[in-house]
Amino acid sequence: MSEALLSVDDVSLVYGRREVVYALTFAVAPNQVLGIIGPNGAGKTTVLRAIAGLISPAEGHIRVRGMPPRRAVARVNVAYFAGDFTLPGSVRARHWGSLATGNPITPEQRRIRTLSRGTRQLLGLRTVLSRPHLGLVVLDEPWEGLDVDGARWLSRTIEAKRDRGAAVVLASHDPSELAGACDLYLFLVNRRGSLLKAHELSSSGPVTAAVLANVLDRLLIDASAPLRTAS
Amino acid sequence: MRFLYAVRYFHVVPVVPPLFVVAFAIAVVAGAMRLMNDPSGAIDALTPVLLLQLFVAASGFRFAARRGYYDLLLTSSTPRWQIALAHCLVSILPGIVSWVCIGALEAAASRGTRWLSIAPGTCAACIAASLLAWGVATFSSRTATTVVWLLVLTIPSIARVASPVQLVGTTWSTGNHVMLFTVCAGALIAFGAAMVSIVRGSAPLEAAQ
């Protein structure tokens, strides 16, 4: 494996006063895709925002090409998108679409709030992914709300960005969205992360949604098991 | 270039709602009419502009950042201090432009004999009110800041020492130096704290967790 573009070392993250993630460690190299899977509220969004430099870890270090994320964004082109609800509704789609590169990615003149959810999601994704020479792609629930064509476009674009050397981090609560799309899988359950490589999950062929769902179920059951008392 | 990108971003993602810009235009037109009738009425013309500025410049950086509206900008190569500066500039610009307009109108109406619009107290009031409003609102929403301003402006004991409106038109000789110092120092502290908060602070998503 080549040197990691993104490294997360013993990171703990807090949201308000609540510890969301504890002692998280993983690394993603260029040309690799990491999928973060976890139930709602597991801390996936918080982890992604920390990777994008929007949140500072309470403990531990995050490095992008050896630099803290906030410094790294000046050197490494980053595509980060947290979902259609982060787009300001009063802005016209055409104007928003031109913010990444200066060139409009859509002729659509309507305000964002008047677009359908899938169109908003696609607008947000296309805007951030239009940045040239991406080194790091960080997408939160990217398939949410997309139709078949949109989902196919997204999958192809993610593959293309990865093949051009980007490290990709995706998060989803739905294992079927990430099945077969990632080289590494990070399961976030009960504040802890469990990192598994794709070939460890399935030695024969691509990782299926059923395999990912099984692992997630097992981790959830382990996390909810009552503590045993010594006899 | 990066600073200009930030300015353009805040132009596309409006920091000042269009309705407020219209309000400034109305205040300037009303001020122009007042000055045409009475060239010494600059204080009356400037007071609505200053009051508007207290509310308009309170644009609430963090509130929008926590909704994810600035994610695209915050993950670009633009340094955070330039983002903060651009946000401040775009937030206070309509009020500053209105102030300059009133000043030009006063000079024109009085044929250059009256300059209350650029008296030291007026300058301090306009700049301090702009920075104070922007700085305080960085830590809260526009609504919360509006409540604070209403209290400052309407409670006489607080207004006497902290209301920037009281400074309009005062000169060094006639001015209340304590209030001048209080307002300017408060503005600088609020501006500095807001800059540090934007540069070093986190922007967790409201919808997350």
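1. The contact draws 27 residues from chain A and 21 residues from chain B, counting two residues as in contact if their C-beta atoms, placed from the backbone, lie within 7 Å. On the side of chain A that touches chain B, H1(A) gives the most, with 3 residues. By class, that side of chain A has 17 nonpolar, 9 polar and 1 charged residues; Asp, Glu, Lys and Arg count as charged, Ala, Val, Leu, Ile, Met, Phe, Trp, Tyr, Cys and Pro as nonpolar, and the others, Gly among them, as polar.

2. A word on the basis: this is a predicted model, where local features need pLDDT of at least 70, side-chain atom pairs count only at pLDDT 80 or more, and totals for chains, interfaces and linings use all residues. Residues are numbered from 1 along each chain as its sequence is written, while chains are lettered from A and ligands numbered from 1 in the order in which they are written.

3. Chain B has 10 helices and 0 strands, helices being DSSP runs (H or I) of at least four residues and strands (E) of at least two, numbered from the N terminus.

4. Within chain B, Phe3(B), Val7(B) and Phe10(B) are among the residues of H1(B) that meet H6(B), whose partners include Ile83(B), Leu89(B) and Val90(B).

5. The C-alpha atoms of chain B fill a box of roughly 55 × 35 × 25 Å along the principal axes. Among contacts in chain B between residues at least 6 apart in sequence, 81% join residues at least 24 apart.
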